[in-house]
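Student: I have a model to go through. Can we take it step by step?
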Protein chains: 2
Amino acid sequence: PPCTDFDMAYFNAYADVGIHAEMIKDRVRTDTYRNAIMHYRSLIAGKVVVDVGCGTGILSIFCAQAGAKRVYAVDASDIAVQANEVVKANKLSDTIIVLHGRVEDVEIDEEVDVIVSEWMGYMLLYESMLGSVITARDRWLKPGGLILPSNATLFMAPVTHPDRYSHSVDFWRNVYGIDMSAMLPLAKQCAFEEPSVETITGENVLTWPHVVKLIDCYTISNQELETISTKFKFQSIMRAPFHGFAFWFEVAFSGPEILTDSDVLPSISCSSNTQLSDTIQRKKRPHPSEALILSTAPEDPPTHWQQTLIYFYDPIDVEQDQVIEGSLTLSQSKENPRFMNIRLEYVSGGRSVVKESIMR
Amino acid sequence: PPCTDFDMAYFNAYADVGIHAEMIKDRVRTDTYRNAIMHYRSLIAGKVVVDVGCGTGILSIFCAQAGAKRVYAVDASDIAVQANEVVKANKLSDTIIVLHGRVEDVEIDEEVDVIVSEWMGYMLLYESMLGSVITARDRWLKPGGLILPSNATLFMAPVTHPDRYSHSVDFWRNVYGIDMSAMLPLAKQCAFEEPSVETITGENVLTWPHVVKLIDCYTISNQELETISTKFKFQSIMRAPFHGFAFWFEVAFSGPEILTDSDVLPSISCSSNTQLSDTIQRKKRPHPSEALILSTAPEDPPTHWQQTLIYFYDPIDVEQDQVIEGSLTLSQSKENPRFMNIRLEYVSGGRSVVKESIMR
């Protein structure tokens, strides 16, 4: 595909150093990647690796430390120039080859044994970088090769968040003794029209999450990512004002046999695109750090991804055991494929609502 | 002057509700304005007021509460539509007339007794909104009328901030045991090229501040604001790494006789544009809140304006009593008059540096 102005803007955003420092300083992220690379050192040592979207090159260096014979560190952003300097300063130029370009455009003249990539965006799929991993896989990965992470799961759950609503909306009801309720419609629109990236806790979650999409990095196609639809049915475990839905994800680092490995992945019914899938009946996992899972769930330690919230303009009071059902469609924006259109339909207590928003 | 695309972008930014909530929730700001309006109620009761850049209309309502006969609430941003709704809901339509347009364009068919405006931007002059107050004054204010605030002072001082430097720069020296010093030049550029709005404390300040510009709202002209130059000479009161300069401001709410009133303004030698003015020999003021002064100084309670920092790429070690001298020029950007060009020249310990940056 051609490199668009949107792609250029995206690559430019990653030329800033601050964003890389923020990602590296996210220890949940970086520690999990390092642990995963060290865990699979027997599959990496002496092998050829490609790091898709290498940034400053830190994951490539971890792979070199794990004994990789050669690492192709690919990034279309100008940060690749820095990665190359870091590689040289660490005398790793014989092992790590920095390629400044898109995976669609650069040339690698051999097959690779391992793909490592930190491609996850807010709400997992925002930024659509997974497409580059798919391209790299289809261009270069040997049959039976390793992809880290190997699979990803996007979750959603209804949430209550009275403090947030109060801070953004109720504030206007009494401002220095003045009734500014006339601001409410605009305040709600400004606060809740677009998805919001913020940190919530397990306390905000009304019930067990629903799997929006289970992605197997070995088999997923770009076409499958264009539109993702799911139907959900929740049952609130408490009585509370229901303010919207939270989205989060986890990725797991497993070999190709992962999908039958019950130690690593929870045993769930795989949700195909338009079918009603079962909600996962667990809020907690025993030892997420040991399972080689990187989780961004509200009940787990916070990461720079936080959670993504889609709020309603007005809360809905739900009773204990009340059913909340509906459907969700995520699709790449036609305007800019790195944006995401989110269409949410839900019914609760006889009220039916459609909310469409764009993550830009 | 014609309304440019830059002006439109500026007005659009203020159509968002969040920015108004943030400003109103800044109690240092809003309390001081309310106190000042109530303090001058004898000059406001029965009089005609214009509120320049009224936003949600809160200051106009304070003026109505202080007994104003009529308040013209002017704002070019679409937030004026909301202000009008708030005024109607509070049954103040007979007193407050919302005018949705620029002060340059709207018509007021009488002279006004009072101008109230919250026009201050980061580093006082960023956004260049003071020009609109000057326009309103020259178009409508009666001789002897009141302007709130009546005067403003922009300060600068050398600062030390090892934590900030370490967080943004030294971080790269050891990243998970990897020497990423190759990132340092770009890290410094990304972190310190542009002015940074952040909160520091009095502990960061190396010596007493210098007055960059003293603005008398009764007499200042737009032409005087196009370029502001000053020479400074500091003497560090401690030995420390010198990381850059901090800028902050205060505004005072006084009658037209303000500039001879030693209770309200500190007695300082007025800094004319290109002369070396004396540094104010005080870091603390006895009771800032009682003096009808709104201060954004590092030693005072934080506000949403925080302080504006201009960092060097590398710290300079200064000894106690070491002299830091140089000059500063602030000028409206030719590209976009709401941007500000900042040219800083300084000499310390035999090192001479020029730093040019743009606040955009």
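Tutor: Start with a term: by relative accessible area, buried is under 20%, exposed over 50%, and partly exposed in between (1.4 Å probe, protein chains only). This is a predicted model, where local features need pLDDT of at least 70, side-chain atom pairs count only at pLDDT 80 or more, and totals for chains, interfaces and linings use all residues. Residues are numbered from 1 along each chain as its sequence is written, chains are lettered from A and ligands numbered from 1 in the order in which they are written, and side-chain values use heavy atoms, with hydrogens and water left out.

Student: Which class does B:Asp321 fall in, then?
Tutor: B:Asp321 counts as partly exposed because its relative accessibility is 45%. Its phi is near 70°, a positive value in a residue other than glycine.

Student: OK, the interface. How many residues of chain B are in contact with chain A?
Tutor: 34, against 34 of chain A, with contact meaning heavy atoms within 4.5 Å.

Student: And how much area is buried between them?
Tutor: About 3100 Å², with carbon and sulfur atoms giving 73%; that is accessible area (1.4 Å probe) lost on putting the two parts together, summed over both. On the chain B side, B:Val17, B:Lys25 and B:Tyr176 supply 24%, more than any other three residues.

Student: Last topic: which peptide bond in chain A is cis?
Tutor: The one from A:Leu148 to A:Pro149, with omega near -5°. In chain B, B:Leu148 and B:Pro149 are also joined by a cis bond, omega about -5°.
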